[in-house]
Every structure is written in structure tokens, then in C-alpha cells.
Amino acid sequence: MADHEVICWDCGANVEDPFVNTCPKCGGLLTVKMDLEPVKEMRPQDLRRDISGVWRYAPFMPVDPSRKVSIQEGGTPLYRTDRLAGELGISEVHVKFEGLNPTGSFKDRGMTIGVSHAKELGVKVVGCASTGNTSASLAAYAAKADLKCAVFLPSGKVAAGKLAQALFYGAKVLSVDGNFDDALDLARKMADEKKLYLLNSINPYRPEGQKSVLFEIMDQLEYDVPDRIILPVGNAANIWAVYKAIQELKEVGWIDKVPMLTGIQAEGSAPVAKAFCSGKRDFVPEENPETIATAIRIGNPVSGRKALHAIYDTGGFSIAVTDEEIIEAQQLIGRKEGICVEPASAASAAGLKKLISTGVADRDERVVCICTGNGLKDPETIIKNSPSPIQCGNSVTDAERILYG
Ligand SMILES: *Cc1c(COP(=O)(O)O)cnc(C)c1O
Ligand SMILES: [Zn+2]
């Protein structure tokens, strides 16, 4: 395991207690500081001896790989999406399709590290609040690790596939009266009272695993750094994780250029984008977040300040897109590229379209859109926005009429 310490992102204090999620001194956000001295002796090719995936990057991870809890997460494809690029009028776009992780979202990258760490600590009960994907992921890794698992979901607002996953893997599913932010408050209270070990992304070990998406993108692009990386922003840990990975690659000397980190939110749940538009480093929580993209239906993003730092520090950008723009982008990715992403994931492409039309993004940029989750998790949204199946008699004439008529 790489040497590391947990420190406060706000005041820099060392945090010894592994069961707190905020700084005991100032209440600030926690982060992991890795000792990367050993990696400075290595070259990127040295890691390619291991199969593609999160654990290929073990020297950047704060958990001993010999004790890993893994379902082979990561190693997802990076597609060069020329037809999408043509449609958007930009020269080079790649889609990193995180929907092909074991439970269908990038959450597995953080969860393999978080649950492995929970095992190291010897905890017996893990839990999280979730808009759906975190709970699906935690439920799977808890099953693999033989841990008891409780997930706190906002009642009635979780996509069917995600709910099915949490139930299927055997988690205790608690349907909380309220939205995600309320469910997280409750899960945090349970953690504060030591009734469970919290595996939301406020736990600093989760973003450590999520760094691997950036490591993989660089690996897949042969370390030819793209101009811009775009991703949806909900609780805002993933954009922070990508930023942290960039800083670490710079620290070990594997890259010298930094991509502009661009965070897209849904109108109606856009505290980070609003803060960015008014040049602020902190955000005002959204009381009643709404959007069809349930994975980013979050009003009080835990890592919102870290996200704003990441965006400003890389010369990036943040905007909000409408639900209509999200659905349009989701269909475009499907019909031009054969990739089925969930609505929140399509926000990245919807955002790119908007950035190009407003002149923020240049048409000759090399862009990577991170598509965070699988469209099959939310078939209801897809069916609702697609034409109905066409009734067809059992005859060539009828089929032909429909096809050519
Ligand atoms: C969790 C999630 C997001 C948001 O990620 P944050 O780290 O909360 O910003 C976006 N898309 C999908 C599919 C997700 O599951
Ligand atoms: Zn502090």
C-alpha cells in the first residue's frame, strides 16, 4: 500500500480517527495525501503489466491491493465518437463509458477502494445515502465482502434498475421521506453515532478510487492530454477525484499539461454552475432540486467547494443544461454511437453542445466526455421519450408496409 495520510482540505490538520467524515478541528472536508515518491521512479508503461482497471493504479491508492475487495471495476472503453463530434461540429470527441463497470456506473471505482478500506478497519456494517448508483454499488461490494449493508434512498425518486440492484444484492433498503440531501443527513447521523461505516463520497477513500478514471483516460490516450474533460456534477466528488488524479500525475511528472475540467449540472439542481457563473468559490444550496437526471438531483453537494476549486484551477467551466437538452443528448449518443447512457451521463454531451454554441469551447478542441452510468438503469425514461412499438400483423405485407410505407 502506498503511504498516505488523511488531512483536512480546509485547515491542513492531520486526521487520525478513521471514523470521522469531517475535520474534528474545523469541520472542514477531508482528503487523502498520498506519498508518491515511489511512483516517481516508475514510468506509465510499468503499470501496464496489470490488467486494465482500478487496481492497475495501486501505487496511487491508499489501500493494500493484497486485501482488495474487487469485482474487476474500471477498464472501461474510451470510444472515439466521430459521428457525435460531427453532429456537434467539433473535431475530436471521446466518450469514456463508465456504464460498463460491474454495477453499471463509475461508483464501483470508489467503492472497491472504500469497501477494501472498511475491511481493513474491521467494520461489520456499511451504509450510504444514494440517488441510486452509490447504493447499487455499495450493495454489490458489501455482498462480496460479507458486510451488512444499509442504503438510504429518497422515496419514489430512484430509477427502477438502481433500486432493483440494491434489493437484489441483499442490502437493507430504507426509503426515506425526503430528497437525497435529507437521506444523506440521516445516514451521516447514523455514522456519527457509530451505527454504520459511511461510504458516501464524503469518505475520503471513495474519491481515491475514482481517480482511476482519469488515469485510464490518460493511458488510453497514450498520455496525450486532451484539452477538456467534461463530466456531470451531482455531489461533486467525481470532478474532484479527476482533478486530484491530474495533480498527482503532474507531481510524478507523467503529464505537464492540464485539461480544462468542465462540470455540467441540470437546471433546477445547479448550485455549482450558479456559483461558477457569478465567480464564487462557495455555493448556495438548492432547497428543492429537480431534474429528470436523478443521479445529479442534489441540492447541497458535499464536495461543491472542492469542485469549484478544481474548475477554477484548471481554467475550466461550469454550466447548467435543461432536461430537454439532456434527453436530446442521450438520444444523440445512442443513435449516433450505439452507446446507452443514463440521463445524468448525457449531461456531459449536452453541456459540450452548449459550450460550443456559446463559443466557450473551440471547435478544434480535443474533448473527453465522461458518461458516468448505464442507460439500462432507467428504462422508464428511455421508453417515455421514444416512439411506441408499432403493432404488426404476422405477415410480410404488413411488416413491409410499416418499414417502407
Ligand atoms: C453519482 C453520479 C453522478 C454524479 O457524480 P458526483 O460525484 O456526485 O458529482 C453522475 N452520474 C451518475 C450516473 C452517477 O451515478
Ligand atoms: Zn480542519
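A residue counts as near a molecule when one of its heavy atoms lies within 4 Å of that molecule. In this predicted model, 17 residues surround ligand 1. K107, N133, N235, A236 and T372 are the closest of them.

The make-up of this shell can be read by residue class. It divides into 8 nonpolar, 7 polar and 2 charged residues. Two helices each supply at least two residues of the shell: α10, which spans 237-251, and α14, which spans 343-357.

In the side chain of N133, an N or O atom is 2.7 Å from an oxygen atom of ligand 1. The backbone also takes part: a polar backbone atom of G234 is 2.8 Å from an oxygen atom of the ligand. At N238, a backbone N or O atom lies 2.9 Å from an oxygen atom of ligand 1. On its own, ligand 1 has 380 Å² of accessible area, and the protein covers 96% of this. The space that ligand 1 takes up is the largest cavity.

The aromatic residues give another view of the structure. A search of the whole structure finds 10 aromatic pairs. One of them joins F19 and Y197, and why is this pair edge-to-face? The ring centres of F19 and Y197 are 6.1 Å apart and the planes stand at 85 degrees, so the pair is edge-to-face; planes over 60 degrees apart are placed in that class. The pair links distant parts of the chain, as F19 and Y197 are 178 residues apart. F19 is in the loop between β1 (4-8) and β2 (30-34), whereas Y197 is in strand β8, residues 197-198.

Definitions and conventions:
Residues are numbered from 1 along each chain as its sequence is written. Chains are lettered from A and ligands numbered from 1 in the order in which they are written. This is a predicted model: local features need pLDDT of at least 70, side-chain atom pairs count only at pLDDT 80 or more; totals for chains, interfaces and linings use all residues. Side-chain values use heavy atoms; hydrogens and water are left out. A polar contact is a pair of N or O atoms within 3.5 Å; within protein, one must be able to donate a hydrogen and the other to accept it, and residues adjacent in sequence count only if both atoms are side-chain atoms. Accessible areas come from the Shrake-Rupley method with a 1.4 Å probe; for residues, only the protein chains shown count as cover. On a 1 Å grid over the protein atoms alone, a cavity is a set of points where a 1.4 Å probe fits but cannot get out, and a pocket is an open set with protein on both sides within 12 Å along at least five of seven lines; lining residues have an atom within 4 Å of a point. A molecule sits in a cavity or pocket if more than half of its atoms lie within 2 Å of its grid points. Helices (H or I, at least four residues) and strands (E, at least two) are DSSP runs, numbered from the N terminus. Ala, Val, Leu, Ile, Met, Phe, Trp, Tyr, Cys and Pro count as nonpolar, Asp, Glu, Lys and Arg as charged, and the others, Gly among them, as polar. Rings of Phe, Tyr and Trp (its six-membered ring) pair if their centres lie within 6.5 Å; planes under 30 degrees apart count as stacked, over 60 as edge-to-face and the rest as tilted.
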